[in-house]
Amino acid sequence: MYKILYYVNQFFGQIGGEDKAGIEPEFHQKSIGPAMGFGVQVKGQAEVIGTLICGDNYFNENREAALEYIMNVIKEQKPDMVVAGPAFNAGRYGMACAGVTVAVQEQLGLPVLTGMYEENPGVDACKTKVYVVKTGNSAAAMKDALPVMGKLALKLLKGEEIGKPAEEGYLPQGRRLTVIADERGSKRAVDMLVARLYDKPFETELPMPVFDRVTPAAAIKDLSKATIALVTTGGIVPHGNPDRIQSASAQKWGKYDVSKIDELKGDYYTIHGGYDPVYANEKPDRVAPLDLLKEYEKEGVIGKVFEYFYTTTGTGTAVGNSIKFGTEIGKELKEAGVDGVILTST
Amino acid sequence: MKLEQNRIYIKDIQFGDVTAVNNGILTVNKEEMINFLKEDPKVKDVKLDIARPGEKTRIIPVKDVIEPRVKISGGKGFSGVTQTTTQLGDGIVNILYGAAIVTVGDIVGFQEGVVDMWGEGAKYTPFSKTFNLVVDIEPAEGLEPHMHETTVRMAGLKAAEFVGEAGRDAKIDETLTYDIGNIDEETKKYPNLPKVLYVEMLISQGLLHDGYIYGVNSQLILPTLLHPNEEIDGAVISGNCVAACDKITTYQHQNNSAILDLYAEHGKTINFIGVIITPELTTLQGKFRSCDYTAKLCKTLGANGVIVSEEGYGNPDSDLLMICKRLETAGIKTVLITDECSGWDGASQPLADTTPEAVAVVSGGNVSHVVTMGPADKVIGNDKAIATLSGGWEGCLEADGSLKCELNAVIGATSEIGFHYCTAREY
């Protein structure tokens, strides 16, 4: 029999409404409110061993203290899983369910589950990390939500394969996972084209991504006083690739001291898997033009070339990693007082 | 054009005294084949090995895969490459169906890959199901990289022709006929069927990034029109290009699944009027030229629908979507085949470009999907190569010989001509 600990707010914990939203977390060794209905859904295979109740305002205003209490209770009670909500469209409750489930999963590694209406702000706070069952927007939807949550909870407890969002009833997590289809890709393409040509319904396998737009920084007023850094996604690294940066789908970046050299030629080469490397290996400055920047420095066109050169591989590198690398490199450059960056690809 | 493909079913490969097929068993005379390939002074040594479906065998680093065939009438072999130039697409060809030549050897670049014949890895590569004659090519010392690549590419094609010769007089198990007349004739036959073209994009960017049509490097061409039979008769070959997961190997050109699946609908739901080969160039002007020219060919030929397949990822995503935009704007219904780079967790944006016109897209899966493939009993080639291949990293070959890598490194895993079965779904 699996043990489940349940989390609800002051309202569903039957303590009170808005006037009780400031109550501190408390623990009861019994099923209260939705925990009871949930228990019915998992009967015979799992049982709810207790209910945590916390005021929504208290949780959102005293997050650390609330989580400390909650995590301690969970550590003492040793459940196999934590279930929170459903929060429907209650924003602060949704944020609390998100906070509790993400913390439990990340810190204790336990399976977790919650439920929310898709416009609840709590959804964005946790849906990429935990399963959020899709619910209606008010407590009237409780009777529809609990069976779905119960079924999914049992699957998570047993470590069974979780199906597609629409099949299991959870909100899409924004993760695109690779699976083996029944037909080969070309057959699926021909079928899709024939459907289009005969005005029959079809479904794309890849909805177009939405892109971020970056506003360019203001122009540098006086280049002759500016420190310029050189950054590349062209995979130019010192010979031997000391930091083992990947040739595609980079998981890291490197930085190398170029203050004492006038060009990359000689000491550097490319490990990038996305272009003909022969000409870059002859002269890596063709990809990352340290030679010209150093000439500009000597001529006084620019004030100074920043002492470190930053590099990674762009080919096949996930945008998630690119954002992380850019943020990390940008922070270093900003703190070092760099005024501008020459950023080259391949 | 009318092409008859005679299939000789191959049920095993063994080494023997003669290179011949008997009762579905392909025997290969090792010494004769090695001597033949060593006639090229740029080839220092050749080793041959066999990998069968289900065996716990890993092949790495794989450069190309080629189907052994022999042309009986209507042109010769790899026209313009290993043979003098002749027109392909008509006549009779005998095929050792179920067999493949797989080339391995010293690494030329990062775009080479792995083929596992069993277990988890076998699910992700179509070449776990073929009986593979593995040709391990050691080039002469001091070859510069472009010549090294040319040498192994030519050795693989010659190996396929040498073995294919065994099919000349072998017993034929099945004959497939590919017959499509000129556009006028077909349109008279099927006046009410929508006209469909297939646009096949080829990476065209230099070392390990080129394709060849009748021996002409795709970098040098304007988009060009082929009869579907020409490609499945050997007119297009791989320059061993791009990451292993979505390079179009020569075998995949010879058996281009997009062409074959369009063929299957010809005369039923569509009128399949041709194949356009489009180079993916690296310069902006090159991209505009290729994409404008491709759309113009589709419009000029009166296409109602088009399938566009990509090769590689990153900057070619732009070419793919630029072509789509042009075609949809001209009222031509378009389906794209691509793959995705959404990171280990599948949470990143999957393409390097976007356009609202791309409403019908088939995905070959996420190139960064990480798979763990168990230890092999036998490694043909060198499994340490994985550390530097696209999709591998230092330490991804574990102490027990198991391999943890991205699909990037698996030959044909995310095929963008739709040759394999992977796709990506949102969870």
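**Backbone, cores and helix packing**

Analyst: Let's start with a loop residue: Asn241(A) sits in the loop between β9 (236–238) and β10 (254–257) of chain A. Helices (H or I, at least four residues) and strands (E, at least two) are DSSP runs, numbered from the N terminus. This is a predicted model: local features need pLDDT of at least 70, side-chain atom pairs count only at pLDDT 80 or more, and totals for chains, interfaces and linings use all residues. Residues are numbered from 1 along each chain as its sequence is written, chains are lettered from A and ligands numbered from 1 in the order in which they are written, and side-chain values use heavy atoms, leaving out hydrogens and water.

User: What is the phi of Asn241(A)?

Analyst: Most residues other than glycine have a negative phi, and most peptide bonds are trans. Here, phi of Asn241(A) is near 45°, a positive value in a residue other than glycine. Lys78(A), in the loop between α3 (63–77) and β4 of chain A, also has a positive phi, of about 50°, although it is not a glycine.

User: Is Asn241(A) buried or exposed, and is Lys78(A) buried or exposed?

Analyst: Buried means under 20% relative accessible area, exposed over 50%, and partly exposed in between (1.4 Å probe, protein chains only). Asn241(A) has 8% relative accessibility, so it counts as buried. Lys78(A) has a relative accessible area of 58%, so it is exposed.

User: Which residues does a cis peptide bond join?

Analyst: In chain A, a cis bond links Gly85(A) to Pro86(A), with omega about 10°. Pro86(A) is in the loop between β4 (81–84) and α4 (91–108) of chain A. In chain B, Ile60(B) and Pro61(B) are joined by a cis bond with omega about -10°, and Pro61(B) lies in strand β6 (residues 57–62) of chain B.

User: How many residues are in the largest nonpolar core?

Analyst: In soluble globular proteins, nonpolar side chains tend to be buried together. A nonpolar core is a set of buried Ala, Val, Leu, Ile, Met, Phe, Trp, Tyr and Cys residues joined through side-chain atoms within 4.5 Å. The largest one has 64 residues, and Tyr6(A), Tyr7(A), Phe38(A), Phe59(A) and Leu113(A) touch the most other members. Not counting residues up to four places away in sequence, the residues Phe59(A) touches include Tyr7(A), Ile70(A), Met95(A) and Val100(A); contact means heavy atoms within 4.5 Å. A second, separate core of 55 residues includes Ile59(B), Val93(B), Val115(B) and Ile411(B).

User: At what angle do helix α1 and helix α6 of chain A pack?

Analyst: Two packed helices are described by the angle between their axes and the distance between the axes. Axes are lines fitted to C-alpha atoms, for helices over the stretch in contact, and angles run from 0 to 180 degrees between N-to-C directions. For α1 (residues 34–41) and α6 (residues 142–158) of chain A, the angle is about 55° and the axes are 8 Å apart. That makes α1(A) oblique to α6(A): angles under 35 degrees count as roughly parallel, over 145 as roughly antiparallel, 65 to 115 as roughly perpendicular and the rest as oblique. Phe38(A) is among the α1(A) residues at this meeting, while the α6(A) side includes Leu146(A) and Met149(A).

User: Which helix of chain B packs with α8 of chain A?

Analyst: Helix α8 (residues 185–197) of chain A packs with helix α7 (residues 257–265) of chain B at about 45°, with the axes 8 Å apart. That makes α8(A) oblique to α7(B). Ser186(A), Lys187(A) and Val190(A) are the α8(A) residues that meet α7(B), where their partners include Asp261(B) and Leu262(B).
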